[in-house]
Amino acid sequence: MYPAELKYTNDHEWVRVDGAEAAVGITDFAQKQLGDVVFVELPDVGRTLKQGDSFGTIESVKAVSELFSPLSGEVVAVNSDLANHPDHVNSKPHDTWMIRIKVSNASETAALLDANAYEALTK
Amino acid sequence: MVEFGGWDMPVEYSGIIDEHLTVRTAAGLFDVSHMGQIEIAGKHALGAVQHLTCNDASKLAIGQIQYSALTTPEGTFVDDILVYRIADDHFMLVVNAGNIVKDYEWIQNNTRQRGGDAVVVNSSSRYALIAIQGPEAEGILQTLTEIELPAIKYYWFANGEVAGQRVMVSRTGYTGEDGFEVFVPPASAEKVWNALLAAGADKGIKPAGLGARDTLRLEASMRLCGSDMDEQTTVLEAGLGWIVGWKKDAFLGSDVLQSQKAGSLTKKLVGFEMVDKAIARHGYAVVADGQPIGVVTSGTQTPFLKKSIGLAMLPVALATVGTEFTIDVRGRQVTARVVPEPFYKRAKK
């Protein structure tokens, strides 16, 4: 159920590595816990994040949660579609990226969870 | 599932937004058996209810219901309640789940002190409560009962059978939609629940949880005791002057309420809409010049109106429609505006 081409974190984010860049979103498990997403607050392009930094917030009808960066690097793009379609996080979580990061430390990527390890975490 | 007032309750079934919209457009079914029932009976039952609650229960006919509050001597909330007049000298109070024990002891102690012939019984365990809410509610429920539902007016109730089970049916709810609440013996609850789901299947009925109950009640501007008001909030501060029986004899807290009505009110609960894009939630501070001057008591993004709304306790000087004020949303200063209540009002049939 969790795409094998993605990497995952203990905080329920996924990472799609694409050369020197990585796209970041939240997992199906995370969106189910949150329920209907109504608002995603994202950082400005150009912001430099360290691994584990909060890069925004995600609000569902029932709660607000922080989003944590799985990797260190500079934010090179944010998904502006989310302003009008926050519900895409619920309907297609693994295809709905939030930010793209220019990765500054490749060794962090190697340490992320693979799909099997992540799925075990959610059991 | 989530713990609520000592009960394990489902937050959502098909999703809060889906359940919310289903109640606004078809019908939703809620298990609200957690609500408590406290009965007061005896020759002096009316006197006891009049002393303990702020609304004027003498205006109730048999079979009629009113929204009211159990008040402290300070005019604040022990609880907000519905008062059902079962007979001339028999009342049933429907109270919040988390307050059943507190309310029962409060009523019992105060009634004893007053003396007279009034027996207080906590009958909460005798009733399960199923709410069917939405424009299709009456049609669905009618297929299972011989009670003539159109004859039950808003805030009235009747006795009879639903799906062959003995019930009391009241035209009440906590959603801002037309609908009914069905009081059933716990042993009959599952039968009635399943029968309603089956009877409403072609009308689009869906089970709805605590999450949608909260967004629906807020969209309809209905207060949640314990969140919007408590023992620190008077009935007038909660914006509920319309449930005070100003012409009846003195009751617990009536002197405080009279004086606030005469001009000593300092703060008031108001409805607001966010001007900036953000959701203000329970407990967020209302600020002016960096200082807290009020507090958000409820807030959400409402599924039907698709607006970010809420209730906030503001100084009276700001509590007028159109006034803009600032809420601290996790360190960000965002603007909100006082708007008329209710946020949502269903179209009259």
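Which elements of chain B do the buried residues of α2(B) pack against?

Modeller: This is a predicted model, in which local features need pLDDT of at least 70 and side-chain atom pairs count only at pLDDT 80 or more, while totals for chains, interfaces and linings use all residues. Residues are numbered from 1 along each chain as its sequence is written, and chains are lettered from A and ligands numbered from 1 in the order in which they are written. Helices (DSSP runs of H or I, at least four residues) and strands (DSSP runs of E, at least two) are numbered from the N terminus. Helix α2 of chain B covers residues 45-52, and because 6 of its 8 residues are buried, this helix is largely enclosed by the rest of the structure. Here a residue is called buried if 20 or more other C-beta atoms, placed from the backbone, lie within 10 Å of its own, exposed if 12 or fewer do, and partly exposed in between. The buried residues of α2(B) are Ala45(B), Gly47(B), Ala48(B), Val49(B), His51(B) and Leu52(B), and they pack against β4 (36-41), β5 (65-71), β6 (77-87), β7 (90-95) and α3 (100-114) of chain B.

Chain B also touches chain A, with 12 residues of chain B in contact with 8 residues of chain A, where contact means that two C-beta atoms, placed from the backbone, lie within 7 Å. On the chain B side, the elements that give two or more residues are α1 (16-25), α6 (210-219) and β16 (291-301).

In chain A, Thr96(A) lies in the loop between α3 (88-91) and β9 (99-103), and Thr96(A) counts as buried because it has 22 C-beta neighbours inside 10 Å.
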